[in-house]
Structure formats: C-alpha cells, structure tokens
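Have the model open as you read. We start at a metal site and then turn to the rings.

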Amino acid sequence: MDKIYLAFLFLMIIPILICIKYARKIKSDVASSIVRCLIFAIITILGNGLFALCISETFSYLMEALYLFSFDMMLIYILQYSQQYTLVFNEVTPFRTGCFIFAYLDGISLFLNTFFHNAFTLKTVNYMNFELYHIDTKNIFYYIHYVFAYCLVFCIVASFTIKILQIPSFYRKKYIPILAVMCIIILLNFACNISEFPVDLSLPFFVFAAILICYLTLYRSPNELIDKTLSIVVTEMNNCVICFDINNDCVYANDKALKMFDSPSNSLATISDYAQTWIEEHNINNRNSLEWSDEKIIDNKKHYFDVEYRKLFDKKNEYIGFFLNLIDNTEKHLAFERERYLATHDTLTGLYNKNYFAEKSTELLKSKPDEKWLLLSSNIKDFKLINDLFGLEKGNEVLKMEADLLKEQCGEGIVYGRTGGDKFAICIPKARFKEQNFTNALRTMGKAFNNDLYHLHIYLGVYEITDINEDISIMCDKANLAIKTLNENYDKSIAYYTDTIFNDTIVEKQLVGDFDKALDEKQFCMYLQPQMTSDGEMLGAEALVRWQHPKRGLIFPGDFIEVFERTGLIYRLDKFVWELAIQKLAEWQKNGRDDLYISVNISTKDFYYMDVYNTIISMVEKYGIIPATLKLEITETAIMTGTAGELDIINQFRDYGFQVEIDDFGSGYSSLNTLKDMDVDVIKIDMGFLRTTKPERIQRSMSILNNIIALTKTLGLAVITEGVETKEQVTELTQMGCGIYQGYYFSKPIPVNQFEDTYL
Ligand code: C2E
Ligand code: CA
Ligand code: CA
C-alpha cells in the first residue's frame with residue numbers, strides 16, 4: 001500500500017518537472033519565478049506526502065516542517081510571479097525581502113518543533129486500517145505560520161484583482177482565468193486544512209493548477225485578443241483596406257474606405273464597382289501582387305492613391321480572395337502641386353514667373369528648332385506712377401488686366417509669363433505674331449484704364465530670335481532695349497530690336513564710362529539761348545549744356561541727358577552747369593548788368609541724389625549774385641511725381657527770391673493740376689504746341705495756347721513760349737498776350753562768348 005502511495009506521489013511530480021523543463025526555456029523574470037515556485041511545489045508535495053507515512057516520529061516531524069516551510073516559499077514565489085505578471089506592487093522590494101526573512105524564521109521555528117513542539121504535536125491515527133501520523137495539538141507558532149501564509153495568499157489575490165479592475169475590459173481575459181484557478185485552489189486548500197484528513201487532498205489540484213497557470217502565463221497567446229486587436233487596427237487604419245472574395249465582390253471595407261467611397265456600410269457595391277475598373281485596368285487577377293499609383297475621381301473630387309494589391313491564400317495555399325490597401329495621397333499631392341505652382345508661377349497674375357518662362361520657352365524653342373521665333377517683352381509707361389497716384393491695388397489691377405490680355409492673345413504653342421515688375425514676355429512663332437492685333441489689344445487695354453490723370457500706355461519690344469540656344473534672359477533684354485528706342489513716346493507702342501540698338505546701348509555705356517573724365521576735364525560747356533520780347537529785346541537766356549567730346553565732337557543733350565538721368569549721374573552734371581551759369585551772372589553783375597537773368601534746368605532725378613535747395617543757395621552765396629537773376633526750370637512731371645517735399649522746396653526757393661518756372665508746360669500728364677497745387681512765377685509752354693504737323697490741327701493748337709495764356713494771365717503768371725521759329729508765330733502769340741519768346745526765330749543756343757558778342 002505504501003508503495004502505491006509513493007508511486008502516486010511521484011506521478012504527481014512528473015508533470016511538474018515537465019512544466020519546469022519548458023518554463024526554463026523561456027527567458028523572463030516571470031518564467032524564473034514560476035520555475036522556483038514549481039520547485040517548492042515539488043518539495044511541498046513530497047513533504048506532505050511523506051509526513052503521513054509511519055516511518056518514524058522524527059521523520060514525520062521533519063517532513064511536516066518541510067511541507068509547511070516549502071509552502072511558505074512556494075507562496076512567496078507565487079506572489080513574486082503575480083507581481084511580475086500583473087505589474088501591481090512589483091517595485092516593493094523591502095516587502096519581498098521581509099517576506100523571505102519571515103519565511104526563514106517560520107522555517108526555523110517549524111524545524112525546531114521536532115524537538116520543542118512549539119508549533120504542533122503529532123499523534124498516530126488509524127485510518128481505514130492504516131497507521132498514519134496526524135497533527136494532534138496546534139500551538140501558537142502553528143497559527144503564526146498560517147496567518148503568514150494567508151497574508152501571502154491575500155496579497156496574491158489582491159495583485160490580480162487590482163490588475164483586473166484597473167485595465168480595460170478588453171485585456172481582462174488575460175488575468176481572470178489565472179485568478180479563478182488560484183481562487184479554486186485556495187478554497188480547496190482551506191477546506192483540506194480544516195478537515196481532519198491527514199494528507200492534504202488539494203495536492204493533485206495543485207499539480208493541475210501549476211500546469212494550467214504555466215500554460216496560461218507562458219504559452220497561451222490569446223488568439224481572440226489578437227484577432228480583436230487586429231480587427232481594430234484595420235478598422236481604424238488611416239489607409240483604405242478593402243477585401244474581396246474569389247468572385248471579386250467586396251466583402252469588407254474599413255471605415256476609411258467606406259468614407260472615401262461614400263458608401264454605406266451595408267452596401268459595398270459601390271466599392272466593388274470601383275475595384276472592377278482597377279481589376280480591368282491593371283489585369284490584377286493574373287498576378288499575386290502589384291503596387292501602383294493612381295488617380296480616381298470620387299464624388300467629383302480627384303483623389304491620388306498609392307495602391308497595393310495582394311492575393312490572399314489560406315493555410316493550404318488555396319486562393320481565397322484579395323485585398324487592396326489604398327493610401328490616399330491627395331493632400332500631400334495637392335500640397336506638392338501647390339508648392340510647385342508657387343515656385344513656377346507669379347502669384348498675382350497666375351502666369352509663369354521669370355524662371356519658369358525661361359524654362360518653358362527653351363523647351364518650346366527646342367521642340368521646333370526649324371521654326372522662326374519672336375521674343376516679345378512688354379513694359380508699362382511710368383508704371384510707378386500708377387502705384388504712386390492710385391495705390392498698389394490699382395497697379396495690381398493693371399497687371400492682372402495685362403495678364404488677361406496675354407491669355408486672350410496667346411493660344412496653344414505660345415509661352416508667356418510675367419518676367420518682373422511691369423514686364424511680361426511672350427515666346428511666339430513669327431508667323432503667328434500679328435502686329436496689328438497686338439497694337440489693337442494694347443490700345444483697348446489703355447482705353448479700359450480710363451483716367452484723366454494718367455494715360456495707360458504699354459510698349460512692346462520685339463526680338464527676332466536668331467539663335468535658339470541664346471539665354472532667354474538675354475533675349476528679353478534685347479526686346480527691352482527695343483522698347484527704350486520708343487523714348488517714352490505716346491504715339492508708338494511697338495519697336496523691333498536691331499543690332500543698331502545694341503550698338504547704341506554700347507555707345508550709351510561708353511558715354512557713362514567717359515563721364516568722370518569729361519567732368520574733370522571740363523568737356524561740358526554751357527550754351528545760352530536768348531529769351532526775347534516780341535520787339536527783339538533780350539531779357540535773359542536759358543543755359544543748355546553741350547558736350548565737347550574729344551572723339552565724337554559736339555554732342556547734344558538729347559544724346560546724353562536721359563542716359564545720365566537713368567544712371568544717376570545727372571546731378572553732378574547739373575551742379576556743374578549751375579555753377580557755370582552763376583559764375584557768368586556774377587561776372588555780368590560785376591560789370592553792371594544786373595538786369596539779365598539765366599534760366600537753369602533742374603532734372604527730376606536731381607531731387608533724389610542731392611539737397612537741391614542747399615546746393616543752389618550755397619553757390620549763390622559763394623558768388624554773391626542777386627537771386628532774382630537765377631531762374632529755375634523744373635518740369636511739371638518732376639513736381640507731380642515727387643513727394644510733397646518738392647512742393648516745399650519750390651516755396652523755399654521763391655521765398656529766397658528765385659523765380660521758378662514750370663518747363664515744358666502742357667507736355668506732362670496733368671498740367672492744370674500742377675497749377676492748382678503749386679505757386680510758380682513763370683510758365684514755359686512746351687514746344688509741342690507749335691510743332692503740330694497736320695495743318696488742320698494748327699488752329700486747334702493755337703486755340704489751346706490762347707486759353708493757356710489767358711489762364712496764366714488770370715493767375716498772374718508770366719508766360720514764355722518756347723520753340724518759336726517763325727515771325728507769324730510771334731505775331732499770333734503776341735496777340736494772345738504772350739510776352740517772352742525763346743526759339744530759333746531769334747537765335748539757336750550759342751556759346752557764351754558768341755552770346756556776349758551779339759547781345760551785350
Ligand atoms: P529744354 O529745357 O526744353 O530746352 C529747350 C530745347 O529746345 C533746347 O534743346 C533748345 O536747343 C531747343 N530749342 C530752342 N528753340 C527751339 C526752336 O525754335 N526749335 C527747335 N526745334 N528747338 C528749339 P537742347 O539744348 O538740345 O536741350 C534739350 C533738352 O535737354 C532740354 O530741353 C533740357 O530738357 C535738357 N537739358 C539741356 N541742358 C540741360 C542741363 O544742363 N541740365 C538738365 N538737367 N537738362 C538739360
Ligand atoms: Ca528747359
Ligand atoms: Ca523746355
């Protein structure tokens with residue numbers, strides 16, 4: 001009987017040994033706690049099993065002590081495992097150490113019990129004809145042992161219970177079965193302890209529980225949990241996941257896909273229809289997998305996708321359907337397009353920007369190298385004025401208007417863009433350029449901008465491309481050079497580039513290069529043109545500069561003033577001429593001729609580069625001339641386009657005693673306005689009124705002159721008419737009331753000494 005009992009004991013140990021073997025293979029804290037716990041479980045079983053056998057009394061005492069002590073140890077390792085597995089109280093190391101110390105003390109007390117009976121005493125009982133040892137009396141240390149053991153049990157149950165209460169219900173499945181197994185075993189053990197049966201009958205259940213916990217903890221991957229997690233991942237994924245069966249019918253679409261295809265979840269037919277087009281387009285049923293990028297219009301909105309297609313096979317490798325994984329790149333794609341657009345287009349007009357125009361033009365030229373091509377560039381006359389007078393918004397409106405005009409004029413096969421500021425450029429086959437169409441269009445646009453203060457005028461420079469490999473920006477420069485030849489003229493809009501223009505530019509460059517030396521060497525000189533009454537009495541003269549160039553001979557201001565204005569050199573030349581005039585006045589005044597005056601020209605640009613007022617004042621003071629003998633000629637454009645500062649300067653000049661003249665009155669954009677805004681002494685009527693070529697217009701011009709003169713009279717201003725060439729003009733103008741004349745009829749501008757010889 002003993003042998004059968006012993007065999008049964010060992011039979012119980014074998015499954016635990018197997019569990020230990022498997023648990024040892026797993027490298028984790030939890031597994032090593034389980035291994036230790038199982039080792040003590042074996043000792044517990046052996047202790048409890050052997051204790052009851054009547055081998056000897058001392059042996060039974062020792063075995064019972066072993067059983068009770070290893071039970072402590074087993075519980076401690078179960079607690080350690082519970083804490084590691086649930087991560088509840090896992091960090092409390094002093095508590096764990098305390099448990100070990102207590103268990104060792106308990107062990108000592110239990111083993112000493114063999115001699116001192118401090119915990120319990122044994123007696124023999126007869127059970128079903130077997131002599132067995134059984135606990136007789138239970139003393140204080142026995143109860144201490146049990147209180148300790150049940151404290152550990154409580155902590156174990158608490159760890160699992162807290163964990164279960166803390167975590168989302170989704171994960172509870174992982175812990176509840178283990179807690180249930182533990183609770184059952186605890187209850188069984190408790191029942192056995194209070195029963196009077198000598199052997200702990202819960203031991204076989206211990207074995208069963210050990211195996212179960214090992215399995216649940218170390219080996220079970222909760223499939224259901226994984227399935228659920230995966231299904232949530234797929235549902236929530238930011239990609240569209242769509243699954244199809246072997247009939248190509250859609251069987252599943254995640255939320256994103258349903259939303260994208262705007263399909264109610266109960267009807268996957270829409271998605272099946274879309275998929276059908278993919279299946280046909282890419283012939284995907286003949287492949288196992290494929291990836292491609294695609295665009296589809298869904299619900300009137302264009303979508304950009306990266307599509308992944310994959311066939312699905314079961315474990316037996318049988319085809320069970322396929323899935324599509326769509327990554328919706330629409331936002332990214334649009335952002336990229338937007339960025340690209342911004343990098344290549346002008347935001348205001350939506351036309352190509354300078355660089356992209358060049359790129360596209362080069363492409364176009366190279367695509368048809370045998371064709372004849374033109375490069376056109378446009379420029380708005382005095383565009384800055386629009387901004388200054390009417391504000392940036394109006395300026396922008398004009399640019400958009402011009403852009404619209406280009407879109408209208410240029411069709412397929414023509415490239416056009418905004419190349420900067422108010423400049424637009426067009427690359428067009430020569431055969432398609434109809435000058436008249438462009439002139440008309442530009443004129444129409446000019447008229448559309450209806451304003452009394454400013455006349456919109458657009459120039460077009462045309463460059464015939466001779467070498468398609470030439471840099472586009474150079475072609476644009478050449479077209480722009482052509483525009484310069486129009487000289488800010490109102491009656492012409494289109495100019496063609498010629499090599500002469502190029503040469504002129506070079507000449508211009510040379511003039512600028514020669515300037516410094518010319519000023520140093522006094523190559524510039526003053527000519528005087530007399531201003532006379534109708535009776536031929538000389539009142540004074542206008543100072544006009546001439547350039548005695550060592551290589552080119554005498555150069556007239558028409559050839560260099562504009563160049564120097566553009567290049568910012570004019571103020572130095574003007575200062576030089578002013579000084580010549582003031583010196584001459586000082587000389588005359590010294591000789592008693594303080595009745596004569598000289599008019600000097602002040603360029604618009606002078607105001608940008610120097611303090612005109614102080615420059616002139618200091619010269620006048622230096623030579624001590626009478627201020628009234630120096631007249632200052634300022635064009636109305638200078639005054640009207642300048643800031644309010646220029647109007648102030650005029651008043652300061654007049655306060656000082658100078659006479660201020662409006663030069664070229666009637667040629668600017670707003671002559672009458674000028675009169676309203678500024679106080680001057682003299683008005684010098686522009687020659688243009690006398691240069692009318694058409695005979696039928698002469699009368700008209702004269703009538704305007706008549707009115708201007710009458711007007712100046714009422715304003716109390718003196719009038720000079722410039723450019724009189726005939727006796728008739730003088731007679732007629734005198735009748736109108738003009739008092740002073742300057743013109744070839746009386747004299748051309750002449751060198752100073754000749755002037756003095758003739759008039760003084
Ligand atoms: P402006 O101030 O209007 O000067 C009058 C121009 O008309 C002069 O040309 C003069 O020779 C010309 N002229 C005078 N009477 C007649 C005439 O009866 N018939 C014709 N056809 N022309 C006549 P010029 O000297 O060639 O000067 C041209 C322009 O150059 C001037 O026009 C003025 O704007 C500018 N300029 C001349 N000298 C200076 C200067 O020292 N400084 C500045 N800033 N500009 C100057
Ligand atoms: Ca003048
Ligand atoms: Ca003039």
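**Metal site and aromatic contacts**

At 24% relative accessibility, Asp664 is partly exposed. Asp663 is buried, at 5% relative accessible area. Buried means under 20%, exposed over 50%, and partly exposed in between, with a 1.4 Å probe and protein chains only. This is a predicted model, where local features need pLDDT of at least 70, side-chain atom pairs need pLDDT 80 or more, and totals for chains, interfaces and linings use all residues. Residues are numbered from 1 along each chain as its sequence is written, chains are lettered from A and ligands numbered from 1 in the order written, and side-chain values use heavy atoms, without hydrogens and water.

Asp663 (OD) and Asp664 (OD) coordinate the calcium ion (ligand 3), together with Glu722 (OE) and Glu722 (OE), at 2.2 to 2.6 Å. Donors are N, O and S atoms within 2.8 Å of the metal (3.2 Å for Na, K and Ca); water is not among the atoms, so sites may look incomplete. The donor residues are spaced D-D-x57-E in sequence. Asp663 also bridges to the calcium ion (ligand 2), 3.8 Å from the calcium ion (ligand 3).

Now the rings. The whole structure holds 44 aromatic pairs. Rings of Phe, Tyr and Trp (its six-membered ring) pair if their centres lie within 6.5 Å; planes under 30 degrees apart are stacked, over 60 edge-to-face, the rest tilted. Tyr81 and Phe160 form a tilted pair, 6.3 Å centre to centre, with 45 degrees between the planes. Both residues, Tyr81 and Phe160, are buried. Elsewhere, one aromatic cluster is formed by Tyr61, Phe120, Tyr142, Tyr143, Tyr146, Tyr150 and Phe190.
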